[in-house]
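User: Hi, I have a protein to look at and some quick questions. Can you walk me through it?

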Amino acid sequence: MTPPQEMTPTQAREAFRAGLRVPTSGYCRGWTQANLISLPREYAYDFLLFAQRNPQPCPVLEVTEPGETSAGIFAGDLRTDLPAYRVYRDGELVEERTDVTELWRDDLVSFLVGCSFTFESALLEAGVPVRHLDTGRNVPMYRTNRQCRPAGRLSGPLVVSMRPVPAELVPAAVRITSRYPAVHGAPVHVGEPAELGITDVDRPDFGDPVEIRPGEIPVFWACGVTPQAAVMQSRPPFAIGHAPGHMAITDARDSSFQVP
């Protein structure tokens with residue numbers, strides 16, 4: 001079997017469609033990954049406005065027409081080709097599944113939102129460790145005490161992902177990731193988790209905990225699970241999102257989102 005990092009997007013999507021359910025960090029090196037949120041058409045403008053007002057956690061890469069099942073940079077099927085989905089009704093998470101074909105609606109508008117997995121290869125190439133990759137875990141993600149700017153009927157907290165970084169490499173991590181503004185860009189916070197309202201860094205709201213070793217500092221980036229936090233707070237009647245860490249692997253190159 002092809003190693004995950006050497007898979008093409010087509011190969012990975014075929015594996016997910018066949019039932020492989022895994023976090024996608026480390027898959028398809030060089031190819032861009034994206035968060036998914038699908039909402040009824042009546043909420044599409046509200047979400048576009050929410051994303052425009054909150055570009056760091058919600059950098060929109062692609063938007064579909066209502067009912068479409070592919071999305072420009074994503075040549076696969078949005079209903080089957082992610083490893084896992086979350087289904088919300090009236091803001092409540094009602095189930096996780098690997099295929100949402102039977103739940104798909106003609107009025108759903110889907111948004112692909114940038115993902116911080118996109119800049120992890122650049123971090124590794126610069127010698128910055130990525131602990132969840134080293135340990136085969138999902139990245140830890142947390143709801144924060146920072147509220148996003150509301151838009152229409154949508155409001156919710158900023159969600160962040162965390163990677164422990166050796167103190168001497170924090171400037172490099174900031175510099176490298178700032179070159180990827182379309183996939184969350186530079187960190188939103190470096191250091192004390194309590195300043196974000198995170199009371200226990202070992203108990204993430206999404207994903208898995210990772211060890212913070214002596215000499216390392218927790219570094220927090222805006223996260224594309226923020227739209228799902230907005231769904232949970234704002235309670236639209238129906239929504240579909242990716243299971244956190246189980247992303248849409250697109251046909252776009254990471255390099256296309258890097259700025260000088």
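This is a predicted model: local features need pLDDT of at least 70, side-chain atom pairs count only at pLDDT 80 or more; totals for chains, interfaces and linings use all residues.

User: Which domains does the assignment give?
Analyst: The domain assignment gives domain 1 (4-114 + 238-255) and domain 2 (117-225).

User: How far apart are the C-alpha centres of domain 1 and domain 2?
Analyst: Those centres lie 20 Å apart. The contact takes 29 residues from domain 1 and 31 residues from domain 2.

User: And how much area do domain 1 and domain 2 bury between them?
Analyst: About 2400 Å². Of that area, 60% is on carbon and sulfur atoms.

User: Why give an area?
Analyst: The size of an interface is often given as the accessible area lost when the parts come together.

User: How many salt bridges are there between domain 1 and domain 2?
Analyst: The count is two. There are also 10 residue pairs in polar contact across the interface of domain 1 and domain 2.

User: New topic. How many cavities of 30 Å³ or more are there?
Analyst: The count is one. The largest cavity holds about 70 Å³ of space.

User: Which domains does the lining draw on?
Analyst: Domain 1 and domain 2 each give at least three residues to the lining of the largest cavity.

User: Last one. What joins Arg153 and Glu42?
Analyst: Their side chains meet in a salt bridge, at 3.5 Å from N to O.

Notes
Residues are numbered from 1 along each chain as its sequence is written. Side-chain values use heavy atoms; hydrogens and water are left out. On a 1 Å grid over the protein atoms alone, a cavity is a set of points where a 1.4 Å probe fits but cannot get out, and a pocket is an open set with protein on both sides within 12 Å along at least five of seven lines; lining residues have an atom within 4 Å of a point. Grid points are joined across faces, edges and corners, and a volume is the space filled by probe spheres set on the points. Domain bounds come from an automatic or database domain assignment. Contact means heavy atoms within 4.5 Å. Buried area is the accessible area (1.4 Å probe) that two parts lose on being put together, summed over both. A salt bridge is a side-chain nitrogen of Lys or Arg within 4 Å of a carboxyl oxygen of Asp or Glu. A polar contact is a pair of N or O atoms within 3.5 Å; within protein, one must be able to donate a hydrogen and the other to accept it, and residues adjacent in sequence count only if both atoms are side-chain atoms.
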